[in-house]
Structure formats: structure tokens, C-alpha cells
Amino acid sequence: MTEENAQIVVHGVSQVYRPPAGREVLALSDVSLEVQGREFIALLGPSGCGKSTLLYLIGGFLPTQQGSIRVDGKPVSGPGPDRGIVFQDFALFPWKTVRANVLYGLERMDLSRHERERRAQSFIDMVGLGGFEDSYPSQLSGGMKQRAAIARTLAIDPTILLMDEPFGALDSQTRRLMQSELLSIWQRTPKTVIFVTHDVQEAVFLAGRVAVMSARPGCIKAIVETQFDKADPHLLKSPDFVNKVDEIWNLVRDEAIVAQTARHP
């Protein structure tokens, strides 16, 4: 896998977090990663290892302090419509309906009102929220809120989808349904997905590769191929899948112990 044909190239990135009070913290140390176009890759590691920081740097929400990040050959200098982000806490406007939330990003684009509404409806239908267009976030379940957030992000048609533990706040049953729904959406609208999670099974199920990060300061400890037939209804119980989850869990567990020791020496 070479930088020449990678869509996203992270090279030698180090990042220091400077809290308002207290000492500086080295969040990332010499991180390098290449992501291919239309790839689904998961970032996995212990809490505080810099997974979300790396995601926000790729999204352009934080300035890169050391090293470089390029998307489609161009340096990342800020957020852009080519990169959409989905957060764990849904980040919906509570005073807007599902339709109005999905329309929000489209209103900044040079589209006719008819085209904006057509596009919004198509993505609302895609995520299974047809019939809930006029509902407010307070009237929706957690899974429905996240569907609305995904629809809003997809509607602006980013080529890259950045997802920061998007199912972390959901119950296990809803989470499993949303994982399958996300894979289905990704297969229908192939985009590059970088998916942050601390759930090993989720990472192995969703991604084609899993980048395991070390305890803070975070760096890429290992990149593991996780290519499986996602349509196999018995996949989660298959020996190959279970063994792959165990392999990656062992990598993460070692780093989680390091992180725990650092917090409580």
C-alpha cells in the first residue's frame, strides 16, 4: 500500500494537548497512516490514546502541529465538504425536525429548493426514517437520532466519512442493527470511512483493516487485515472471526494495561 494511490496520507503527526490548567500532554507521537479511497478502516485503542484527536486532525477541526496530513494530495488546512463527521452524541439541532436537520447542510450548497428537499428525503428514506420527517430529536430513540445524524452527513455527499464512536451511546441490540445498517449504506454509497471505536468486535465486523493504537502518546502499534464476508449471518460465531477478535483484543489489552498503569501508578 503506497502513498501514491492513498486518498488520505498521515505522515509523522505528533500533537500536544495544552489544557487551560496543568501540564502539556503529548496526545499523538509520530503517527503515520495511509487510507485508500473507498476503504473502511477502524481506529482502535484504549481510552485516551488519541483516536478522536487523529480523527479531528484529518477532519481539519484541529491544526496539525507536527507532521502532515494530505487528502487527495492536498494538505488539510481546515474542515471541508469532502469530509463529513458523525459524533457519538448525535449533534442534532433539538429545535429542528428530522427533515430540517438533514436539510441544514444542503442549505449551504448551490441547489434549488426542490433538489435540496428531494435529496434530503432520499437520505431520510435510506436510513429508514421515512414517516419521521416531522419528528423532533426529543421524540426519537437513540438509534433513530443517530440515523438522522448519519443522513444529515451523507446528504452533503462527502467522499470521506469520519465517525467518532457513533454507536457508543446505544444499547447493544440497537448498536448491532446500526452496524449492519452502516455497512449497507457504505456498500450502496461507497465512501472512505474512518471509524473510531473501543469495541474490538465492532471494529472487526465493520472494517476491512483495523489500526490498533498504543496507549498515550498514541501511535500506530499494528494494522490488522479484517476481511470477512459481512453478509454471512453466522459470521460473529465463526472460528476465523472469533480468532481475529482475540488476536486484536490481545494487542489492545496490552496497551490498556499500560494506560491503566499510567493513570494509577
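How many nonpolar, polar and charged residues are there in the lining of the largest cavity? By class, that lining has seven nonpolar, one polar and one charged residues. Here Ala, Val, Leu, Ile, Met, Phe, Trp, Tyr, Cys and Pro count as nonpolar, Asp, Glu, Lys and Arg as charged, and the others, Gly among them, as polar. We will come back to this cavity on the tour.

**Before you start**

You are looking at a predicted model, in which local features need pLDDT of at least 70 and side-chain atom pairs count only at pLDDT 80 or more, while totals for chains, interfaces and linings use all residues. Residues are numbered from 1 along each chain as its sequence is written, and side-chain values use heavy atoms, with hydrogens and water left out. Helices (H or I, at least four residues) and strands (E, at least two) are DSSP runs, numbered from the N terminus.

**Stop 1: the sheet of four strands**

Select residues 6–17, strand E1. Strand E1 belongs to an open sheet of four strands in the order E2-E1-E4-E5, with antiparallel pairing. Two strands pair if DSSP finds at least two bridges between them. At the edges stand E2 (25–36) and E5 (74–75), each with a single partner strand, so one side of each has no neighbour in the sheet. Now colour helix H1, residues 51–59: H1 packs on this sheet, touching E1, E2 and E4 (66–71), and its direction makes about 120° with that of E1. Touching, or contact, means heavy atoms within 4.5 Å. For the angles, axes are lines fitted to C-alpha atoms, for helices over the stretch in contact, and angles run from 0 to 180 degrees between N-to-C directions. E1 and E2 run antiparallel and are joined by eight bridges. To see one of them, pick valine 10, whose bridge partner in E2 is leucine 33.

**Stop 2: the sheet of six strands**

Next, show E6, E7, E8, E3, E9 and E10: in that order they form an open sheet with mixed pairing. E6 and E10 (220–225) are at the edges, each with a single partner strand, so one side of each is left without a neighbour in the sheet. From one strand to the next, the twist averages 20°. H1 turns up here too, lying across E3 (40–44), E6, E7, E8 and E9 and running at about 150° to E7.

Zoom in on E7, residues 160–164. Five of its five residues are buried, so E7 is largely enclosed by the rest of the structure. Buried means under 20% relative accessible area, exposed over 50%, and partly exposed in between (1.4 Å probe, protein chains only). Ile160, Leu162 and Asp164 point one way from E7, and Leu161 and Met163 the other way. Four bridges join E7 to E6, and these two run parallel; glycine 84, for instance, has leucine 161 in E7 as its bridge partner. E7 also runs parallel to E8 (residues 192–197), through five bridges, and aspartate 164 stands opposite valine 196 in E8. For a contrast in direction, look at E9 (residues 209–213) and E10, which run antiparallel and are joined by five bridges.

**Stop 3: helix H2**

Click on leucine 103, which lies in helix H2. Is leucine 103 buried or exposed? Leucine 103 counts as buried because its relative accessibility is 11%. Leaving out residues up to four places away in sequence, leucine 103 touches Arg116, Glu117 and Ala120. The cover over the buried residues of H2 includes helix H3 (113–126) and H4.

**Stop 4: the largest pocket**

Select Ile85, Tyr104, Arg108, Arg152 and Ile156: of the 20 residues that line the largest pocket, these lie nearest its centre. Its volume is about 520 Å³. E6 (83–86), H2 (98–106) and H4 each give two or more residues to the lining, and the largest share, four residues, comes from E6.

**Stop 5: back to the cavity**

On a 1 Å grid over the protein atoms alone, a cavity is a set of points where a 1.4 Å probe fits but cannot get out, and a pocket is an open set with protein on both sides within 12 Å along at least five of seven lines; lining residues have an atom within 4 Å of a point. Grid points are joined across faces, edges and corners, and a volume is the space filled by probe spheres set on the points. A search of the whole structure finds one cavity of 30 Å³ or more. About 50 Å³ of space lies in the largest cavity. To end, select its lining: Ile150, Leu154, Leu161, Leu182, Ile185, Trp186, Thr189, Lys191 and Val193. H5 gives the most to this lining, with three residues.
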